Structure formats: C-alpha cells, structure tokens
Amino acid sequence: MPGFAIVRADDVDDAYAGSDVPGEFRKLTDALGAEQLSVTLIRIPPHCDMEQSTGHTHSEIEELYIVAKGTITFRCDEDIEKVTAPAVVRVSPGTARSHRNEGEEPVEIWAVSVAGHQDATKIDDFWEASPEARQRR
C-alpha cells in the first residue's frame with residue numbers, strides 16, 4: 001500500500017443524503033485510510049442552520065474548521081463571529097461550538113481533528129434560531 005491517498009470529497013457518501021438536514025456532511029477519514037486525523041467536508045447552503053440551534057463540545061480534542069468558501073457565522077461559547085474564507089477557526093477541548101450560514105452564498109468548511117475519538121456532547125438550545133438561517137425540519 002502506498003504512503004499516501006487521494007480522495008475526491010464528492011466520491012464519499014453524504015451522511016445527510018435522504019434526510020431533512022440541508023447541506024452535506026462527508027467524512028473522508030476512512031476513505032483516506034487516515035489513522036491520526038479525522039477530516040470532514042461540510043457544505044452549508046445559504047440561509048441554513050444545519051445543527052438547528054444545537055451545538056456540541058469535545059472533552060479531549062481540539063478541532064480546526066477551515067473555511068474554504070463563503071462566510072460562516074461561528075459561535076464558540078458566548079462569542080459569535082462572522083468568518084470569511086479563507087480562514088481557519090481552532091476550537092479547544094471543552095469549548096462549546098456551532099455554526100450557520102446566514103448569508104446569500106453557499107459555505108464550504110473542512111473540519112479536522114484527531115481520529116478515533118468519540119467524545120462529542122450535544123448541547124440542545126445552544127443559541128436561538130436565526131431568522132437569516134431558516135431551519136427546515
């Protein structure tokens with residue numbers, strides 16, 4: 001087996017396909033054969049709150065969110081920031097986080113973290129639903 005892998009994100013299954021969650025969530029970790037890093041492509045349509053007012057935290061791992069396209073509204077604990085591509089957001093363990101697209105253009109972000117850790121804790125009602133990021137349930 002070679003010491004590298006190349007995977008096209010669109011060739012990996014979209015975990016949101018067939019659900020009522022808008023956008024795409026494509027975990028590339030297994031397809032890459034990655035042992036140390038987890039990588040996920042998240043595409044968020046305009047005016048979309050994919051996590052639908054929830055957030056999450058990790059107790060042990062930090063995450064990087066690479067904003068590759070568009071402008072995303074990010075909440076980390078009580079801080080809310082609009083982040084425009086190209087940019088990277090680092091979130092430490094224990095910091096609650098969520099994001100949504102309140103704009104007119106699609107957003108593409110890449111989430112990168114340590115592979116193999118399943119320590120995510122969902123936070124219900126993390127922030128109010130944004131009228132600019134209409135939810136579809």
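Contact here means heavy atoms within 4.5 Å of each other. The structure is a predicted model, in which local features need pLDDT of at least 70 and side-chain atom pairs count only at pLDDT 80 or more, while totals for chains, interfaces and linings use all residues. Residues are numbered from 1 along each chain as its sequence is written, and side-chain values use heavy atoms, with hydrogens and water left out.

With residues up to four places away in sequence not counted, Ser38 touches Lys27, Thr29, Ala111, Val112, Ser113, Val114 and Ala115. Ser38 counts as buried because its relative accessibility is 11%, where buried means under 20% relative accessible area, exposed over 50% and partly exposed in between (1.4 Å probe, protein chains only). The side chain of Ser38 makes a polar contact of 3.3 Å with that of Lys27, and another of 3.3 Å joins it to the side chain of Thr29. A polar contact is a pair of N or O atoms within 3.5 Å; within protein, one must be able to donate a hydrogen and the other to accept it, and residues adjacent in sequence count only if both atoms are side-chain atoms.

Attention now turns to the interior. A nonpolar core is a set of buried Ala, Val, Leu, Ile, Met, Phe, Trp, Tyr and Cys residues joined through side-chain atoms within 4.5 Å. The largest has 15 residues, and those with the most contacts inside it are Ile44, Tyr65, Ile72, Phe74 and Ile109. Two or more residues of this core come from each of strands S2 (37-44), S4 (63-69), S5 (71-76), S7 (87-91) and S9 (107-114). A second, separate core of 6 residues includes Val12, Leu28, Val39 and Val112. Beyond four places in sequence, the residues that Tyr65 touches include His56, Phe74, Val89, Arg97, Ile109 and Trp110.

Charged pairs come next. Side chains of opposite charge can pair when their charged atoms come close. A salt bridge is a side-chain nitrogen of Lys or Arg within 4 Å of a carboxyl oxygen of Asp or Glu, and a search of the whole structure finds 13 of them. One joins the side chains of Arg43 and Asp10 (2.6 Å, N to O). Arg43 lies in strand S2 and Asp10 in the segment before strand S1 (24-27), so this pair ties together parts that are 33 residues apart in sequence. Arg43, at 22% relative accessibility, counts as partly exposed, and so does Asp10 at 41%.

Glu62 and Arg90 also meet in a salt bridge through their side chains (3.4 Å, N to O). This pair links distant parts of the chain, with Glu62 in the loop between strand S3 (55-58) and S4, and Arg90 in strand S7, 28 residues apart. In a further salt bridge, the closest N and O atoms of Lys82 and Glu102 are 2.7 Å apart. Lys82 lies in strand S6 (residues 79-84) and Glu102 in the loop between strand S8 (97-100) and S9, so parts 20 residues apart in sequence are tied together. Lys82 is exposed, with a relative accessible area of 55%, whereas Glu102 counts as buried at 17%. Salt bridges that share partners join Asp10, Glu24, Arg26, Arg43 and Glu108 into one network.

Conventions:
Helices (H or I, at least four residues) and strands (E, at least two) are DSSP runs, numbered from the N terminus.
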